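Hi everyone, thanks for coming.

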Amino acid sequence: MSSPEIASLSWGHMKVNGCSSSYKDCKVWPGGSRAWDWRETGTNHYPGVQPADLDEVLKKGIELLVIGRGMSEALQVPSSTLDFVKQKGVEVRVLQTQKAVAEYNKLAGKGAKVGGVFHSTC
């Protein structure tokens, strides 16, 4: 099963290939995607991405995780969250969202087992 490419990204709007709806923030993995609703885990720009935000994607058999911190990189990614990902044996890359989407799509296009979480505003 391959990771779906992200078809488009603009402020507050993301479209994933194979999905009829669009997202503000999203999670993607081999074979699927869904909205990333920060309210589920109490996430906010600070302290940022929590292990609970990533657990679902990490359980999808990925080898690499790309995290998009937002257009202005306002979303923080604590070192404890990065340690959590690495303890699962998954490589992680944290980038500004436009760069993160480009990196994710490049890896997905090569057939890598890649997942991602992307914040599309600040």
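Let's begin with two tryptophans: Trp36 and Trp38 are both buried. Before I go on, please keep in mind that this is a predicted model. How are the rings of Trp36 and Trp38 placed relative to each other? Their centres are 5.7 Å apart and their planes meet at 55°, so this pair is tilted. For a pair to count as edge-to-face, the planes would have to be over 60 degrees apart.

The count of aromatic pairs comes to two, and the other partners to look for are Tyr104 and Phe118. Here the geometry is edge-to-face, with 5.6 Å from centre to centre and 75° between the planes. As for burial, Tyr104 and Phe118 are both buried.

While we are in helix 3, please find Glu103, which is located there too. Is Glu103 buried or exposed? Its relative accessible area is 15%, so Glu103 counts as buried, given that buried means under 20%. Leaving out residues up to four places away in sequence, Glu103 touches Val66, Arg93 and Leu95. Take Val66 from that list: it is 37 residues from Glu103 along the chain, and the two C-alpha atoms are separated by 7.7 Å.

Now let's turn to a pair of helices. Two packed helices are described by the angle between their axes and the distance between those axes. In our model, helix 1 covers residues 51-58 and helix 2 covers residues 79-87; they pack at an angle of about 20°, and their axes are 10 Å apart. Helix 1 and helix 2 are therefore roughly parallel to each other, and their crossing is right-handed. Which residues make the contact? From helix 1 we have Pro51, Leu54, Asp55 and Leu58, and they meet Thr81, Phe84 and Val85 from helix 2. Sorted by type, the residues of this contact are five nonpolar, one polar and one charged.

Stay with helix 1 for a moment, because Val57 lies in it as well and, at 0% relative accessibility, counts as buried. What does Val57 touch, once its neighbours within four places in sequence are set aside? There are contacts with Lys27, Val28 and Trp29, then with Ile62 and Leu65, and also with Gly115, Gly116 and Val117. For a contrast in distance, pick Ser20, 37 residues away from Val57 along the chain: their C-alpha atoms are separated by 20 Å.

Moving on from helix 1, we come to Lys60, in the loop between helix 1 and strand 6, residues 64-68. With a relative accessible area of 37%, Lys60 is partly exposed. Lys60 and Val114 are 54 residues apart along the chain, and 9.4 Å separates their C-alpha atoms.

Setting aside neighbours within four places in sequence, Gly70 is in contact with Gln96 and Thr97, and with His119, Thr121 and Cys122. The C-alpha atoms of Gly70 and Val28 are separated by 16 Å, and these residues are 42 apart along the chain. The other residue in this loop is Glu73, which counts as partly exposed at 35% relative accessibility.

I'll finish with the backbone. Most residues other than glycine have a negative phi, and most peptide bonds are trans. Which way does Glu73 go? Glu73 has a positive phi of about 60°, although it is not a glycine. And what kind of peptide bond joins Tyr46 and Pro47? That one is cis, with omega at about 10°. You'll find Pro47 in the loop between strand 5, residues 32-35, and helix 1.

That's my tour, and I'm happy to go back to any spot on the screen.

Definitions and conventions:
Residues are numbered from 1 along each chain as its sequence is written. This is a predicted model: local features need pLDDT of at least 70, side-chain atom pairs count only at pLDDT 80 or more; totals for chains, interfaces and linings use all residues. Side-chain values use heavy atoms; hydrogens and water are left out. Axes are lines fitted to C-alpha atoms, for helices over the stretch in contact, and angles run from 0 to 180 degrees between N-to-C directions. Helices (H or I, at least four residues) and strands (E, at least two) are DSSP runs, numbered from the N terminus. Angles under 35 degrees count as roughly parallel, over 145 as roughly antiparallel, 65 to 115 as roughly perpendicular and the rest as oblique. A crossing is left-handed if the near helix is turned anticlockwise from the far one by less than a right angle, and right-handed if clockwise. Contact means heavy atoms within 4.5 Å. Ala, Val, Leu, Ile, Met, Phe, Trp, Tyr, Cys and Pro count as nonpolar, Asp, Glu, Lys and Arg as charged, and the others, Gly among them, as polar. Rings of Phe, Tyr and Trp (its six-membered ring) pair if their centres lie within 6.5 Å; planes under 30 degrees apart count as stacked, over 60 as edge-to-face and the rest as tilted. Buried means under 20% relative accessible area, exposed over 50%, partly exposed in between (1.4 Å probe, protein chains only).
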